[in-house]
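This report describes the overall architecture of one protein and then turns to a single residue. The sequence and structure are shown below.

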Amino acid sequence: MVEWITAREHIAYEHALSEMDQRVAGIIDGTMAEKIWLLEHPSLFTAGTSADINDLVDPDRFPVYTSQRGGQYTYHGPGQRIAYAMMDLNMRGKDVRKYVWKLEEWVIRTLATFDIMGERRSDRVGVWVVRRDKPLNALGNHPEDKIAAIGVRLRKWVGFHGVSINLNPDLEHYSAIVPCGIAEHGVTSFADLGLDVSMDQLDTALRQQFDVVFETDIDAPSAR
């Protein structure tokens, strides 16, 4: 059984790392269950294992933390739902690509609950929304904005870190970094797309779609 915990207060990043480390150790030694931890952080930046210091445009804006997850710089803050997933891939199949695909699918199906079409892109991480409500870009294409980030790490085939979804954060805070090292695309949120959705509504959809994606036989096409 997967344990679900929802934090009602903002969780300090150092505390989140400590809690994840403890849970991962417990999963590895068989004393603790898998866990999905839903939370918000105070405003901060994290640098993944591929972060380029040149992408930290305003290093004094918020605290910057080195993270064990894959990826580059990203912003976390109020109005953004973090879903830390501590999952035992020893029991779910030792396939990193499949696991990441399922995390993406979880987000995409959750967004679809609210009529948001989230999409993957083979050349960049995260979940993207095509902005048909914006003018065409210089290439004659509709702009694409990122609505969710994904970053994971494995320890003895136990996955941790997870996904972040922009519900209604202050998107101006992203101006202090090059989000995930991608300068030519923007970021968006439910609120930016004109949707008035509560955090509780988002959490309910995440719980429902998690069961669809992770507790059924849905498979990743790229992992076959």
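## Secondary structure

How many helices and strands make up the secondary structure of the protein? In this predicted model, the protein contains 4 helices and 11 strands.

## Overall dimensions and packing

The radius of gyration of the protein is 17 Å, which agrees with the value near 17 Å that a compact globule of 224 residues would have. Taken along the principal axes, the box filled by the C-alpha atoms is roughly 55 × 40 × 30 Å.

Of the 224 residues in the protein, 50% are buried. Among contacts with a separation of 6 or more, 68% are accounted for by residues 24 or more positions apart in the protein.

## Surface and charge

The protein carries 24 positive and 33 negative charges. The mean position of the positive charges lies 6 Å from the mean position of the negative charges.

## The setting of Glu105

Helix H3 spans residues 96-113 and includes Glu105. Is Glu105 buried or exposed? Its relative accessible area is 10%; because buried means under 20% relative accessible area, Glu105 is classed as buried.

Which residues are in contact with Glu105, leaving aside its neighbours within four places in sequence? These residues are Arg120 and Val213.

Terms used:
Residues numbered from 1 in each chain as written. Predicted model: local features only at pLDDT ≥ 70, side-chain atom pairs only at ≥ 80, totals over all residues. Heavy atoms only, no water. Helix = DSSP H or I, 4+ residues; strand = E, 2+ residues; numbered from the N terminus. Rg over C-alpha atoms; globule rule 2.2 N^0.38 Å. Buried < 20%, exposed > 50% of the residue type's maximum accessible area, 1.4 Å probe, protein only. Contact = heavy atoms within 4.5 Å. Lys, Arg positive; Asp, Glu negative; His and termini not counted. Charge placed at Lys NZ, Arg CZ, Asp CG, Glu CD.
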